[in-house]
Amino acid sequence: MNIRDIFDQKKLVFSFEVFPPKNTSPIKNIYKALNELVKLEPDFISVTYGAGGSTVNNKTTEISSLIKNIYGIESLAHLTCISSTREQISDITERLRLEDVENILALRGDDNGTSCGDFKYANELISYVKGNKNFNIIAACYPEGHIENRDVKLEIDNIERKIECGVTSFISQLFLDNNTYYEFLEEVYKRNIKTKIQAGIMPVINAKQMKRITELCGATIPLKFKKIMEMYENNPEALTQAGIAYATDQIIDLSSSRVDGIHLYTMNNPYVAKNISKNIGKIINSINEVQNV
Ligand code: FAD
């Protein structure tokens, strides 16, 4: 079943993201995390695509295949295009097709200004993959605008462009303030866009993640969140507990506001995913039961 069909069946789709082990680490390093994550029965698991080199990217295909064919859970393979030629993209999509991986998260990737690939923007990759193979294509969106362009109206132009190219749903960049997400959705609905959007939630449990958030995506840091980080930054156990509680609170609010789905950036940490899933399991079941009455 591809992810488009899951959206047809469920009121609230709940999924996870994992990343492949680093180039120098064996692929089996992900098994321990996956063994635990699959027990939580997410609707699908996505696998990120590294910017650096073929080994990492072969791992994306291999892990996506493992999730689908061994663990029996739908998988979503991320794919970036900024440094790739058409032939390289065709090679990867062919491998995904052979492994029966049906869903691709089509991305541009981060532009360091030195790229000499065949693609400039994600919409070009979406059209290319859509034209060549029979994949279900998903794309990224940015509730607070993309870091290179903070204008949310232009971001929604880009969403429309991606839909025209064949995208069936979106996963959002992480955000820490649900109000920014609701304001973004309001703008999306004003344009009469009906394509499903999953809210990207990252439970923040250490300073490294905090740095990543501020540097990579420039998400607004609410005062409430800042206070929590400052209070517990030197106590990892307390920070983990606070991070789980903060993400849980965000998800309960989003679910009650009837968003289309939640995508949890697990950072390969089953302990965090397990605790959040436990906190929200009954809520998600209750929303999906209403759908199926
Ligand atoms: P695009 O949609 O191409 O947008 C990039 C910028 O160009 C935006 O500012 C947009 O407004 C502008 N733009 C787009 N199209 C046009 C156009 N036709 N004309 C003019 N301007 C245009 N990165 C990885 O390397 N690996 C991953 O696995 C990965 N997974 C991600 C998952 C999610 C859910 C998200 C939100 C991001 C992920 N990223 C990943 C990061 C992503 O690659 C970066 O955010 C990247 O900078 C933008 O990718 P995009 O596909 O959104 O680009």
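1. A word on terms before we start: contact here means heavy atoms within 4.5 Å. Please also keep in mind that this is a predicted model.

2. Let me begin with E74, a residue of strand β3. Leaving out residues up to four places away in sequence, E74 touches M1, N2, I3, I6, D43, F44, I45, I67, K68, E102 and N103. Two polar partners deserve a look on your screen. The side chains of E74 and N103 are joined by a polar contact of 2.9 Å, and a polar atom of the E74 side chain lies 3.5 Å from the backbone nitrogen of M1.

3. Is E74 buried or exposed? E74 counts as buried because its relative accessibility is 8%, and the cut-off for buried is under 20%.

4. Now to the ligand, which is surrounded by 23 residues. The closest of them are Y49, R108, D110, Y142 and K162. By class, the shell is made up of 9 nonpolar, 9 polar and 5 charged residues.

5. For Y142, a polar side-chain atom sits 2.7 Å from an oxygen of the ligand. For K162, the distance from a side-chain N or O atom to a ligand oxygen is 2.8 Å. G109 takes part through its backbone, with an N or O atom 3.1 Å from an oxygen atom of the ligand. On its own the ligand has 980 Å² of accessible area, and the protein covers 84% of that.

6. Which elements give two or more residues to the shell around the ligand? They are β3 (74-80), β4 (103-107), α5 (122-132), α6 (152-165) and β6 (167-174). Helix α6 provides the largest share, with 3 residues.

7. In soluble globular proteins, nonpolar side chains tend to be buried together. Here the largest nonpolar core holds 61 residues, and Y181, F184 and I262 touch the most other members. Helix α11 (residues 270-292) gives this core its largest share, 6 residues. Another core, of 27 residues, lies apart from it and includes I3, F7, L174 and M229.

8. Beyond its neighbours within four places in sequence, Y181 is in contact with P143, S172, F175, I197, Q198, A199, L254 and V259.

Definitions and conventions:
Residues are numbered from 1 along each chain as its sequence is written. This is a predicted model: local features need pLDDT of at least 70, side-chain atom pairs count only at pLDDT 80 or more; totals for chains, interfaces and linings use all residues. Side-chain values use heavy atoms; hydrogens and water are left out. A nonpolar core is a set of buried Ala, Val, Leu, Ile, Met, Phe, Trp, Tyr and Cys residues joined through side-chain atoms within 4.5 Å. Buried means under 20% relative accessible area, exposed over 50%, partly exposed in between (1.4 Å probe, protein chains only). Helices (H or I, at least four residues) and strands (E, at least two) are DSSP runs, numbered from the N terminus. A residue is near a molecule or strand if one of its heavy atoms lies within 4 Å of it. A polar contact is a pair of N or O atoms within 3.5 Å; within protein, one must be able to donate a hydrogen and the other to accept it, and residues adjacent in sequence count only if both atoms are side-chain atoms. Accessible areas come from the Shrake-Rupley method with a 1.4 Å probe; for residues, only the protein chains shown count as cover. Ala, Val, Leu, Ile, Met, Phe, Trp, Tyr, Cys and Pro count as nonpolar, Asp, Glu, Lys and Arg as charged, and the others, Gly among them, as polar.
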